[in-house]
Amino acid sequence: MLKPIGKWLNVYEDEIHLFLWTVFLYFLVTGANAILNNYAETAFLKRYGVVYLPIVYMLNAVALFLIMGAMTGLMVRFPGSRILSLLLVFCGISVAGIRFLIPFNIDIIYPALFMLKAQYEALLGLLFWNMANDLFNTRQSKRLFPLITAGGVIGTIIGSFGTPFLARAITLDNLLLFYLGTTLAGAAVVQGMGKAYPTLIFGDKKRKKGEPPGSLISEFKNILPLMKESSLVKFLILITFLPNIIIPIMNYQFNFAVDAQFASEAGLIKFFGYFRGWLNTVSLIILLFVGRLYGRWGLTTALMFHPANYILAFFSFLFRFDVFSAVYARMSTMILRTTINNPARDILMGMVPESFRAVLRPFLRGTVVRVGLLLGSGIILISEHLFHPRY
């Protein structure tokens, strides 16, 4: 049965089992992220307040900046898949622990959870795609990464549409315990992959004797020679930095608009669940044709759709600041980011020599992303005292 599926998806017979393992893992990771994201945003907006978003964005950027620096050192010393397995367990247990603090009415747990969900999503995504780049070469990634992304989108769809149902069935706060179960399942899948492909998944990756531990200074020392020699590295830094200035600004506008529209937690989490479910359903349909788009237009042309759409999205907020403009802006930018921008960027990452990839990816997802987010969050923090979010 796997042969016809592989032929239809353009997956070769010798890679189909590893491909299915990888897709299922990403399905669990994104499904867990969707449930936690819906809960954390709802609880923060309704139990803490939308006016505190700029401060939380700023603190989150600083925290993840430091965490990514530490992650760089770990990824140089240990297999990324082993770190991913342990991180899945840690994420689930820490979030479940917060569930038992809720009855004590400690308000600070909601901004803490809002920050944790953003950091966990970034770290799990970083480690997953780093592992995927180790498992598949550049030619394979061009065929398989859009399909793997589609598996993640299906996980987000089911997690999003399932959130309102689960909130009614097990109560809103118990979604955090469901997140624990999903992350533990993900860790079990990584261990299963390790048994099936021990050399690929848990191969030896130890720091050489005398090599200094990973740090921000050593990170820049490793990146600077690459920047001088490779235009591709400069391009990757640029297309990672600029969008991350814009992301917190648009997220703030979106959350401000929908918080004003929905008065209750039940209404807001229902909106988040169905909105993200439909958003990712559209993304899944588009992903079926992304490979042809890359083949016809090329990666660089495809990457231009995303920034062009940001112009239209911000104009929609400027002329009509309400839930309808928020839905258009968030849906269009997220769809283009998920279906075209992110897979193309990961394909380009696969063209970087493997020996530098473990340093470059955390540098992009850590240093570059956080500098962009810090700048965007600073713009919000300054502007919120001067004029309305629509501007």
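Helices (H or I, at least four residues) and strands (E, at least two) are DSSP runs, numbered from the N terminus. By that rule the chain has 16 helices and 0 strands. This is a predicted model, in which local features need pLDDT of at least 70 and side-chain atom pairs count only at pLDDT 80 or more, while totals for chains, interfaces and linings use all residues. Residues are numbered from 1 along each chain as its sequence is written, and side-chain values use heavy atoms, with hydrogens and water left out.

**Whole chain**
- Of the 391 residues, 54% count as buried; buried means under 20% relative accessible area, exposed over 50%, and partly exposed in between (1.4 Å probe, protein chains only).
- The chain exposes about 17,900 Å², and carbon and sulfur atoms supply 69% of that area. Accessible areas come from the Shrake-Rupley method with a 1.4 Å probe; for residues, only the protein chains shown count as cover.
- Among contacts (heavy atoms within 4.5 Å) with a separation of 6 or more, 86% are between residues 24 or more positions apart.

- A nonpolar surface patch is formed by Ile311, Phe315, Leu318, Phe319, Ile382, Leu386, Phe387 and Tyr391, with about 930 Å² of accessible area together.
- Patches are made of residues with over 30% relative accessible area and no salt bridge; like charges are joined within 9 Å, and nonpolar side chains (Val, Leu, Ile, Met, Phe, Trp, Tyr) within 5 Å. A salt bridge is a side-chain nitrogen of Lys or Arg within 4 Å of a carboxyl oxygen of Asp or Glu.
- Helix 14 (residues 305-319) gives the largest share of the patch, 4 residues.
- Phe315 is in helix 14 and counts as partly exposed, at 44% relative accessibility.
- His306 also belongs to helix 14, but it is buried, with a relative accessible area of 3%.
- Leaving aside residues up to four places away in sequence, His306 touches Thr333, Leu336, Arg337 and Asn341.

**Loop residues**
- Tyr12 sits in the loop between helix 1 (2-9) and helix 2 (16-47) and is partly exposed, at 44% relative accessible area.
- Tyr12 and Gln140 are 128 residues apart in sequence, and their C-alpha atoms are 9.5 Å apart.
- Asn105, in the loop between helix 4 (80-99) and helix 5 (109-135), has a positive phi near 55 degrees. Most residues other than glycine have a negative phi.
- Asn105 is exposed, with a relative accessible area of 67%.
- Thr171 has a positive phi near 75 degrees and lies in the loop between helix 6 (138-170) and helix 7 (175-196); Thr171 is partly exposed, at 42%.
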